[in-house]
Amino acid sequence: MLTSDCLGINEEGHLTIGGVDTLYLAEKYGTPLYVMSEDKIREIAKSYLGSIKKNYNGNGVPIYASKAFCCKEICRIIDSEGLDMDSVSAGEIYTAIKAGVDPKKLHFHGNNKTYGELEYAIENGVGDIIADNFEDIIRVNEIGEKLSKVVDITLRIKPGIDVHTHEFIRTGQIDSKFGFALENGEAEKAAQMASQLKNINLNGVHCHIGSQIFDAEPFVFASEVMLGFIKLIKDKFGIEIKNLNLGGGFGIKYLESDPFLKYEVYMESVSKAIHNKCAEYGLNIPKIFIEPGRSVIGEAGITLYTVGNVKEIENVRNYISVDGGMGDNPRYALYQAEYTCVIANRMNDKADYKATIAGKYCESGDLIQENVSIVKPEAGEILAVLSTGAYNYSMASNYNRNVRPACVMIKEGQDRLIIRRETFEDLIKNDI
């Protein structure tokens with residue numbers, strides 16, 4: 001039933017996170033409420049760093065994909081653990097810098113970075129610009145020339161790998177808005193262009209094959225494909241690529257039935273392939289980057305709601321309505337993302353009531369889960385959705401002019417507020 005070892009059940013039969021009773025948190029901070037376990041986040045960050053140290057003698061860095069969850073406090077935590085950060089907007093760069101992160105540790109992604117965003121990143125000393133298209137390369141060179149800087153770039157490559165995830169979260173195949181394709185010679189053309197521009201230093205190559213992957217084999221294959229491309233760049237243009245970024249996509253447990261592969265297993269399998277291929281191709285082993293986001297933060301977070309009512313439509317279905325929904329978790333509405341839902345104050349009761357969890361928003365598609373087995377709740381009880389650390393706060397909105405929830409961090413059994421709940425004043429602060 002529980003999807004993470006940071007969760008538990010106390011003597012009262014209440015759900016806990018980081019040892020703290022979720023009913024206490026709901027009463028203290030109100031609902032909806034995001035709750036994160038800092039201890040779990042740090043544990044996972046350390047496991048990635050340890051794998052880099054073990055498999056590459058420390059010649060590499062995990063990069064936290066901040067799109068999964070970005071605020072000043074998570075930036076501070078990630079930075080203190082020694083990870084770099086991946087940003088996909090000037091806003092994420094700004095947040096990291098304001099949190100005290102060295103811009104050299106930031107990697108700037110995006111399939112349509114504006115000229116202004118690129119200029120902002122380069123002016124502020126962002127260490128790595130991931131070029132996704134030819135316009136990126138041209139603009140970076142222009143900005144570098146204007147600022148008298150030689151800018152390090154990494155080419156985002158589509159390795160042509162279909163990992164059979166949901167079509168909305170597959171990014172490694174040729175039909176994707178991200179990156180340069182290998183099959184049609186586009187990637188080679190990008191490398192040639194970058195090698196000829198004086199204000200660009202082609203420093204690395206990057207790929208990302210998809211999300212929620214539970215098998216090491218696609219990552220192994222991707223690493224071999226990318227090393228083949230690195231060899232081509234060296235042979236054709238005389239450039240030895242220093243950095244190989246293999247992206248993220250490591251799966252997490254949303255349901256008890258989800259498979260799970262330890263992150264160390266991914267790392268060990270890929271490491272063997274990289275060492276073998278580098279020896280075969282006569283390449284120096286590049287600095288290895290990976291981009292875990294969801295797998296760092298996902299299982300470390302939950303969302304707490306208060307049940308408003310239970311509506312039973314005979315011979316149709318039962319609805320449990322909560323005080324949040326698609327405004328704080330749009331992932332089910334977007335691509336039917338699966339979650340584990342529990343009644344936090346009755347964890348030891350039998351979950352034998354079939355129901356759909358509905359939100360409060362004025363949309364018929366505002367659902368969190370459909371036809372789940374759960375303890376039948378009463379109005380006022382607390383419903384928890386597990387493994388919501390990634391993409392929930394990040395994708396939250398003010399739809400229907402609802403305020404976005406607060407976020408609480410738990411460390412060593414102590415709770416603290418890291419994002420305050422919005423107010424009605426926040427909703428109108430930009431109105432004229």
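## A walk through a predicted protein chain

Let's start at one cysteine: C71 sits in the loop between β5 (60-65) and α3 (72-80). Those labels are DSSP runs, numbered from the N terminus, where a helix is H or I over at least four residues and a strand is E over at least two. Before going on, note that this is a predicted model, in which local features need pLDDT of at least 70 and side-chain atom pairs count only at pLDDT 80 or more, while totals for chains, interfaces and linings use all residues. Residues are numbered from 1 along each chain as its sequence is written, and side-chain values use heavy atoms, with hydrogens and water left out.

Back to our cysteine. Is C71 buried or exposed? C71 counts as buried because its relative accessibility is 7%; buried means under 20% relative accessible area, exposed means over 50%, and partly exposed lies in between, using a 1.4 Å probe and protein chains only. Leaving aside neighbours within four places in sequence, C71 is in contact with T95, I418 and I419, where contact means heavy atoms within 4.5 Å. There is also E92, which is 21 residues from C71 along the chain, with 8.4 Å between the two C-alpha atoms.

Now zoom out to the whole chain. You can find 12 helices and 21 strands in the protein chain. Its C-alpha trace spans about 70 × 55 × 45 Å along the principal axes. For 432 residues, a compact globule would have a radius of gyration near 22 Å, and the 23 Å of the protein chain agrees with that. (The radius is taken over C-alpha atoms, and the globule rule is 2.2 Å times the number of residues to the power 0.38.) Of the 432 residues, 57% are buried. Among contacts with a separation of 6 or more, 70% are between residues 24 or more positions apart.

What about the outside? The protein chain exposes about 18200 Å², with carbon and sulfur atoms supplying 48% of that area; the method here is Shrake-Rupley with a 1.4 Å probe, and for residues only the protein chains shown count as cover. As for charge, there are 47 positive and 61 negative charges, and their mean positions are 4 Å apart. In that count Lys and Arg are positive, Asp and Glu are negative, and His and the chain ends are not counted. Each charge is placed at NZ of Lys, CZ of Arg, CG of Asp or CD of Glu.

Next, the strands. Strands of a sheet pair through backbone hydrogen bonds, either parallel or antiparallel. To count as a pair here, two strands need at least two bridges found by DSSP. You can look at an antiparallel case in the open sheet of 3 strands, ordered β1-β2-β3. Its edge strands are β1 (7-9) and β3 (20-21), each pairing on one side only.

Strand β9 (residues 151-158) has 7 of its 8 residues buried, so it is largely enclosed by the rest of the structure.

Some helix residues are tucked away too. A191, in helix α7 (residues 186-195), is buried, with a relative accessible area of 0%. Not counting residues up to four places away in sequence, A191 touches L155, L202, F229, I233 and F237. Lysine K40, in helix α2 (residues 38-56), is buried as well, at 9% relative accessible area. With residues up to four places away in sequence left out, K40 touches S4, D5, C6 and A300.

Finally, check a few backbone details. The peptide bond from T31 to P32 is cis, with omega near -10°, and P32 is in the loop between α1 (22-29) and β4 (33-37). Where would you look for R401? R401 lies in the loop between β19 (382-386) and β20 (406-411); its phi is near 55°, a positive value in a residue other than glycine. At 45% relative accessibility, R401 counts as partly exposed. E412 also has a positive phi, near 50°, and is found in the loop between β20 and β21 (414-419). With 65% relative accessibility, E412 counts as exposed.
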